[in-house]
Amino acid sequence: MVRDVLVCCAGLGLSSLLGSALGLLVRRIPHRWNDIFLGLCAGMMLAAAIVCLLLPAVEQVGLMQWWQVIAGVVAGVLLIGVLDRVTPHLHHLSGVGEQEKHVNNAALNRTILFVMAIAIHKLPEGMATGISFNGDSGNAIAIAITIALQNIPEGMVVVTPLMMAGVRFRSTLFAAVSVAVLEMAGVILGYLIGDISAVLLPFMLSLAGGAMLYVISDEIIPETHAHGFQKHVTYSLVTGVVIMLLIESAF
């Protein structure tokens with residue numbers, strides 16, 4: 001089990017770095033493809049959150065323990081909601097779109113702000129994989145594959161705006177490595193938290209699912225519908241859901 005966790009941890013980190021490397025090479029992605037890639041990611045994450053996290057949590061509790069699922073989803077949403085208020089939004093920080101004001105950001109280094117913003121996305125993704133290893137290992141592997149696949153286009157659309165905004169190559173490279181490390185740390189943290197008590201596993205699975213749902217609804221979908229390519233994004237989102245279901249059925 002520990003070996004599988006470490007393998008998935010390394011795989012997620014490497015896929016994130018691969019996406020960032022491609023972004024550094026490409027340097028510029030048209031909005032259409034940016035939104036299509038993110039829509040695909042959103043669909044895969046949506047299916048993973050429901051099929052691999054929330055449904056297993058529901059299956060593990062009886063009627064009298066449904067509070068764990070509800071409390072977990074609420075806790076996940078509130079956790080990412082709080083982080084969302086105190087850290088900058090990724091697309092605004094990178095120079096795409098109107099600047100959004102956040103408290104206490106003025107004196108912080110641009111690259112550090114970028115890493116904080118990425119943590120909103122990557123830490124919950126890594127934790128979702130780690131937590132799921134305490135339940136069905138097949139679900140855990142399916143989640144890991146899904147996140148690894150979506151790390152590649154997501155890494156590209158994360159790094160490219162930084163380069164376009166004039167951030168130095170060394171700082172961009174540091175940010176890319178930090179993103180990978182944060183996601184890997186999330187896997188280990190999620191596994192350790194989920195291993196504390198099997199009794200709380202449904203709560204932890206629901207927390208990870210709620211966190212992912214928040215990121216999808218508040219960050220990814222609004223961003224992909226802001227540039228006039230809604231139809232393309234809808235098709236790619238549905239495709240992402242189907243891909244995730246196929247991966248889940250394979251494991």
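A residue counts as exposed when its relative accessible area is over 50%, and as buried when that area is under 20%. Keep those two cut-offs in mind as you look at this predicted model. Leu78 is exposed, because its relative accessible area is 55%. Glu183 is buried, because its relative accessible area is 0%.

- Leu78 belongs to helix H3, which covers residues 66–86.
- Although Leu78 and Gly210 are 132 residues apart in sequence, their C-alpha atoms are 8.8 Å apart in space.
- Glu183 sits in helix H7, made up of residues 169–196.
- Leaving aside residues up to four places away in sequence, Glu183 touches Leu12, Ser16, Lys122, Glu125, Gly126, Ile147 and Asn151.

**Helix H1**

- Helix H1 runs over residues 2–26, which is 25 residues.
- From its first C-alpha to its last, H1 reaches 36 Å, close to the 36 Å expected at 1.5 Å a residue.
- Among the buried residues of H1 are Leu12 and Ser16, and Glu183 touches both of these.
- Other buried residues of H1 include Val5, Cys8, Cys9, Gly13 and Leu24.

**How H2 meets H8**

- Two packed helices are described by the angle between their axes and the distance between the axes.
- For helix H2 (residues 31–60) and helix H8 (residues 201–224), the axes come within 9 Å and cross at roughly 160°.
- H2 is therefore roughly antiparallel to H8, since angles over 145 degrees count that way.
- The crossing of H2 past H8 is left-handed.
- In the contact of H2 with H8, 19 residues are nonpolar, five are polar and two are charged.

How values were computed. Residues numbered from 1 in each chain as written. Predicted model: local features only at pLDDT ≥ 70, side-chain atom pairs only at ≥ 80, totals over all residues. Heavy atoms only, no water. Axes fitted to C-alpha atoms, helices over the stretch in contact; angles between N-to-C directions. Helix = DSSP H or I, 4+ residues; strand = E, 2+ residues; numbered from the N terminus. Parallel < 35°, antiparallel > 145°, perpendicular 65-115°, else oblique. Left-handed = near helix turned anticlockwise from the far one by under 90°. Nonpolar A, V, L, I, M, F, W, Y, C, P; charged D, E, K, R; others polar. Expected span 1.5 Å × (residues − 1). Buried < 20%, exposed > 50% of the residue type's maximum accessible area, 1.4 Å probe, protein only. Contact = heavy atoms within 4.5 Å.
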